[in-house]
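This report describes parts of one protein model in plain terms. Please look over the sequence and structure before reading on.

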Amino acid sequence: MQAIDNYNFAGKKAFVRVDFNVPLDENFNITDDTRIRAATPTLKKILSDGGSVIIGSHLGRPKGVTDKYSLKHILKHVSEVLGTEVQFANDCIGEDAKIKASALQSGEALMLENLRFYAEEEGKPRGVPEDASEDEIKATKKAVKESQKKFTETLASYADVYVNDAFGTAHRAHASTALIADYFDADHKMFGYLMENEVKAVEKVMKDINRPFTAIMGGSKVSSKIEIIENLLSKVDNLIITGGMTYTFTKALGGKIGKSICEDDKLDLALELLQKAKDKGVSLVLAVDAKIADSFSNDAKTAFVDVDKIPDDWEGLDIGPRTEAIYGDVIKNSKTILWNGPTGVFEFDNFTHGSLSVAEAIVEATKNGAFSLIGGGDSVACINKFGLADQVSYVSTGGGALLDAIEGKILPGIAAIEQ
């Protein structure tokens, strides 16, 4: 497999798939440019070699051309971060894109309009009537597939080299994230620096494990994390279950959880997971106390109680101090750490302390030689909110992609380059 560091882009045009799906406010100002900055080293490497860059990305989930999701809104900032003026094509496969891509000179950059303005990018038919027959649906899918092939061929025709630096979309078998790689031989397709680092971080956590290995899994629903938890049970030494999932497990064990979030139809599943952990010799760590509130509000009245003794009209919104100490001891004694999901409603300042305590324990463990990977949107938001991102081993840019990798799934965007 070609490595970006070993490739000289001089005189070459590179189609670089990035993930510039950044958050924008109502005035189209970027509120977090992490993803743009993360891809910058790859783009600068190509330009400094004397190559030219064709940047492809999506923004949001448009259902056709929508000004709200136009990449023109981020063009100025991308130019500023990259340190060179980036041209813009008002389409991604139209004449404007073809002409500008063809005219690109060494050291120049072009950003295409939102790839997802076309259904062909995702390969999903749009506008199929609800009463469509099975034959009509099949015919539509066939037409979309044929159209997707032409769409992909057009994107590939712009460049001599394909570089995938969009880990956040690596779990999608889309035209620009996976299918396009088929149009380039092994010497002319590669990961960008960000993708390389993401792949190494995942492999470090899932394959090159220095023990003890602790995974901290938050989130509100057991059902959304079941595959991840089951896969982790065959790899970790300690599994900390926290966040909203806490209360499903607590209720399954006979505890009183008040009006805390709970999946009543997953109580048996929670007990099964506890038994699986026991059978595999995994220490499954649950909260013993909680910070509770009389309403779902930052300004609610609060108290600390045993996690299984929450009054009827109260709900758990974070872990308590005894749980913080328990989690902290486990984390600090670990050599490999994966954190996905906060301990509580960290968006409310009065319920951030549990997540902060976990983050600080991870930082301490990292300073003592542990490898720590932070992934999943809320965990990343946590570590950034606390200003500790530079004190852990790696903060992933991929939410769904990272979770799929942890589940043990093959990511199409990675497989397309590695095969």
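Which residue in E16 does Leu 338 stand opposite? Leu 338 stands opposite Leu 373.

## Basis of the report

The model is predicted: local features need pLDDT of at least 70, side-chain atom pairs count only at pLDDT 80 or more, and totals for chains, interfaces and linings use all residues. Residues are numbered from 1 along each chain as its sequence is written, and side-chain values use heavy atoms, with hydrogens and water left out.

Helices (H or I, at least four residues) and strands (E, at least two) are DSSP runs, numbered from the N terminus.

E15 and E16 pair in the parallel sense over 4 bridges; two strands count as paired if DSSP finds at least two bridges between them. From E15 the chain crosses through helix H11 (residues 353–367) to E16, and this β-α-β crossover is right-handed. Right-handed means that, with the strands pointing away from the viewer, the path from the first strand over the helix to the second runs clockwise.

E16 also pairs with strand E17 (residues 394–395), in the parallel sense over 2 bridges. Here Ile 374 stands opposite Val 395 in E17. Both faces of E16 are covered: Phe 371 and Leu 373 are buried on one side, Ser 372 and Ile 374 on the other. Buried means under 20% relative accessible area, exposed over 50%, and partly exposed in between (1.4 Å probe, protein chains only).

## Helix H13

Helix H13 (residues 400–407) is largely enclosed by the rest of the structure, because 7 of its 8 residues are buried. Among them are Ala 401, Leu 402 and Asp 404. The cover over the buried residues of H13 includes helix H6 (193–206), helix H7 (226–232), strand E15 (336–340) and strand E16 (371–374). After H13 comes Gly 408, which has a positive phi near 95°.

## The antiparallel sheet

An open sheet is formed by 3 strands in the order E12-E11-E14, with antiparallel pairing. Strand E12 (302–306) and strand E14 (315–319) stand at the edges with a single partner strand each, so one side of each is left without a neighbour in the sheet. Neighbouring strands are turned by 40° against each other on average, direction ignored. Axes are lines fitted to C-alpha atoms, for helices over the stretch in contact, and angles run from 0 to 180 degrees between N-to-C directions.

Strand E11 (residues 289–293) pairs with E12 over 5 bridges, and Ala 290 has Val 305 in E12 as its bridge partner. Helix H10 (residues 321–332) packs on the sheet and touches E11, E12 and E14, where contact means heavy atoms within 4.5 Å. The direction of H10 makes about 40° with that of E14.
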